[in-house]
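Please bring up the sequence and the structure.

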Amino acid sequence: MSTVMKRHPVFEGVEMGVGTAAWGDRLMWGYRRDYQDEDLKLATEVSLAHGINFFDTAEIYGSGRAETLLGEFLKTTETPVKIATKFMPYPWRLGRGSLLSALRGSLSRLGRTKVALYLVHQPLPPVRVETWMEAMAEAFQAGMIEAIGVSNFDRSRTQRAYDALTRSGISLAANQVEYSLLNRGIEKNGLLEFCRELGITVIAHSPLAKGVLSGKYTPQNPLRGVRSTQYTPGFLARAQNLINQLKKIGSDHGGKTAGQVALNWTICKGTIPIPGAKNLQQAEQNMGAGGWSLTEGEVSLLDEMSDRVNK
């Protein structure tokens, strides 16, 4: 089963991407303690070798380190690559010029003259959505970006961004939001269907729920650090039946892992998942999520089991 959605041309041929939120992040993800730059480079290379050419990053990831590393890793590849990065509308960034300045900084760190997709990272006051979309349109018309997106926008703000760009003759290409079997808020509140109707591609960040859906964590082996506050041992206990079902379905599909099934579920829902990859093993695991499809019955079963965990 796969939900067919009209997509912006920038996403042509893209089934899944690579998220770089962990790159350079010491506090949550243990950069330079649990993984090194060489691990990230190998993850990038194996992703490209398997046909994954969409990379998602942001100026705030690792305080710019993620963009710098990605730019370095891609210098020698001849594979056409699509990069998405994001602008954080900090309260002290008060005008359109600040977005253009931030974009130039991102392009410099990435070693690029343009990116495939530029997104407003999240809606923050005091600047209006419309002002940022006007700045985005200016960057688009200057050839600095190929497509425009938003991230973590609710339905009303997505509509405002869509309308503002439409007035400039430009389409809103994407909304990047958290979406997984453990967080189906965009289904429940109608945002997923709303984006589908407008032809806005939904990019699913945290599609493995910070690693929980990989099956790695249990009440006896809980998450560490900041992530443990969201996914407590009690929550992990409730999620075990769902994770066991992911493993069973994976076995029925030729030995797929729980994480690969969870990622395929997001693809079947018509979204583009961007799982993180901090090392070679994680990248190889992610690659096994594409090129096949769950049945409608399997998707429905996972939906039902997900509802039991999230109720």
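The dialogue below takes up these features in a predicted model.

Q: What describes two packed helices?
A: The angle between their axes and the distance between the axes. Here, helix α4 (residues 129-141) packs on helix α5 (residues 155-167) at about 40°. Their axes are 9 Å apart.

Q: Are α4 and α5 roughly parallel or oblique to each other?
A: Angles under 35 degrees count as roughly parallel. The angle here is about 40°, so α4 and α5 are oblique. Their crossing is right-handed.

Q: Which residues meet where α4 packs on α5?
A: α4 brings V129, E130 and M133. α5 brings R157, R160, A161, A164, L165 and R167. The contact residues of α4 with α5 comprise 5 nonpolar and 4 charged, with no polar ones.

Q: Where do nonpolar side chains tend to be in soluble globular proteins?
A: They tend to be buried together. In this model, the largest nonpolar core has 92 residues. M133 is among those with the most contacts inside that core, along with Y118, L182, L213, L294 and L302. A second, separate core has 14 residues, including F11, F54, L119 and I274.

Q: Leaving aside neighbours within four places in sequence, what is M133 in contact with?
A: V120, I148, V150, A161, A164 and L165. A161, A164 and L165 belong to the α5 side of the helix contact.

Q: Is P123 buried or partly exposed?
A: Buried means under 20% relative accessible area. P123 has 24% relative accessibility, so P123 counts as partly exposed. P123 is in the loop between β4 (117-120) and α4. Beyond neighbours within four places in sequence, P123 contacts S151, N152, F153 and R157. R157 also meets α4 from α5.

Conventions:
Residues numbered from 1 in each chain as written. Predicted model: local features only at pLDDT ≥ 70, side-chain atom pairs only at ≥ 80, totals over all residues. Heavy atoms only, no water. Axes fitted to C-alpha atoms, helices over the stretch in contact; angles between N-to-C directions. Helix = DSSP H or I, 4+ residues; strand = E, 2+ residues; numbered from the N terminus. Parallel < 35°, antiparallel > 145°, perpendicular 65-115°, else oblique. Left-handed = near helix turned anticlockwise from the far one by under 90°. Contact = heavy atoms within 4.5 Å. Nonpolar A, V, L, I, M, F, W, Y, C, P; charged D, E, K, R; others polar. Core = buried A, V, L, I, M, F, W, Y, C linked by side-chain atoms within 4.5 Å. Buried < 20%, exposed > 50% of the residue type's maximum accessible area, 1.4 Å probe, protein only.
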